[in-house]
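Colleague: I am new to this structure and would like to learn how to read it. Could you take me through it one feature at a time?

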Amino acid sequence: MVLAGSEARTDEYVRTERLSPRVMLAYWLGTDRRCNLTVIQSQKGLVLIDTEACPRVMAPIKQRIEQVLGRDDWTYVINTHAHDNHASGNSLFPDATIVGHENLWQDMQWLIRRQTEPEWKRRELDQAAEMQRNLRALLPRVAGNRLNTRMVAGEIRFWELFAGDIAEGYEVVKPTLTFADRHILDLGDLTLELVFFGKGHSLSDTLVYVPQEKLLVT
């Protein structure tokens, strides 16, 4: 069985979990970097909260979500902040409105700089290569545990895809709808309350509350 590498299926490490009939989590299987992407179904379309660390990782997750839900009418994409695993897959949603705090675009500039500044880019690629080496060395130690093997293999595949996007470059897409303190998205049967409490994890942290689901995304 192929565990990782360019010949591996791109989607085999994508997982989804239902929280309710209208809410689902999607994530990439790995060891310690799980990023829960939140998918919300509504009368006006699909909403995605956060877009993973690069387009190559986001693409198979997006495809799996559409397969599971049987729809692809993306209406809103919300970036809760500008760290790479929350805002780097925006380019895959050209028809959706990208939503974020008014500080988000300034906060996202580092995503561009690490692709365009040679020394920064080299450090990112070196780190990705080191991660792959360490993870491959770990595989024999977890060989007796199928789940751990899959998780390590998923992490290797993630870093392969991430390195590919850093090496070739990808478009960083800015928000098209911004807000200062609070904003409400009306989705017909649902409302999403976006709240900025001030600098915490980043300069653009956004909390998303869905009262009809009693769901808070932080």
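Colleague: Leaving aside its neighbours within four places in sequence, which residues is V14 in contact with?

Modeller: Contact here means heavy atoms within 4.5 Å. By that rule V14 is in contact with Y27, W28, P60, I61 and R64, once neighbours within four places in sequence are set aside. Before we go on, a word on the basis: this is a predicted model, in which local features need pLDDT of at least 70 and side-chain atom pairs count only at pLDDT 80 or more, while totals for chains, interfaces and linings use all residues. Residues are numbered from 1 along each chain as its sequence is written, and side-chain values use heavy atoms, with hydrogens and water left out.

Colleague: Where does V14 lie, and is V14 buried or exposed?

Modeller: Helices (H or I, at least four residues) and strands (E, at least two) are DSSP runs, numbered from the N terminus. V14 lies in strand β1, residues 14-20. For accessibility, buried means under 20% relative accessible area, exposed over 50%, and partly exposed in between, with a 1.4 Å probe and protein chains only. V14 has 1% relative accessibility, so V14 counts as buried. V14 and L29 are 15 residues apart in sequence, with 6.1 Å between their C-alpha atoms.

Colleague: How does A59 count on that scale?

Modeller: A59 counts as partly exposed, because its relative accessibility is 34%. This residue lies in helix α1. The C-alpha atoms of A59 and G200 are separated by 29 Å, and the two are 141 residues apart along the chain.

Colleague: What can I learn from phi at E52 and at K214?

Modeller: Phi of E52 is near 65 degrees, a positive value in a residue other than glycine. E52 lies in the loop between β4 (45-49) and α1 (55-69), and counts as buried because its relative accessibility is 0%. Phi of K214 is near 50 degrees, again positive in a residue other than glycine. K214 lies in the loop between β10 (207-210) and β11 (215-217), but at 71% relative accessibility K214 counts as exposed.

Colleague: Which residues does P175 touch, beyond those up to four places away in sequence?

Modeller: P175 touches I98, V99, G100, L104, W105 and M108. P175 is found in the loop between α6 and β7 (177-179), and is buried, with a relative accessible area of 9%.

Colleague: Now a helix. Which residues of α4 are buried?

Modeller: In α4 (residues 109-116), the buried residues are L111, R114 and Q115. They are on the same side of α4 because they cover an arc of only 100 degrees around the axis, taken from the directions from the helix axis to the C-beta atoms. Their cover includes α2 (84-87), α5 (118-138) and α6 (146-168).

Colleague: Which residues line the largest pocket?

Modeller: First, the idea: on a 1 Å grid over the protein atoms alone, a pocket is an open set of points with protein on both sides within 12 Å along at least five of seven lines, and lining residues have an atom within 4 Å of a point. Here the lining is R33, A53, D84, N85, R114, E124, Q127, F158, W159 and F162. α2, α5 and α6 each supply at least two of the lining residues, and α6 gives the most, with three.

Colleague: How far can I trust the chain?

Modeller: Check pLDDT, the predictor's confidence in each residue, from 0 to 100. The chain has a mean pLDDT of 93, and 96% of its residues reach 70 or more. Over residues 1-8 the pLDDT is below 50, and this stretch has 18 contacts in the model beyond near neighbours in sequence. Where pLDDT is low, the predicted coordinates should not be read in detail.

Notes: 1 Å grid on protein atoms, 1.4 Å probe; cavity = no way out; pocket = protein on both sides within 12 Å on 5 of 7 lines; lining within 4 Å.
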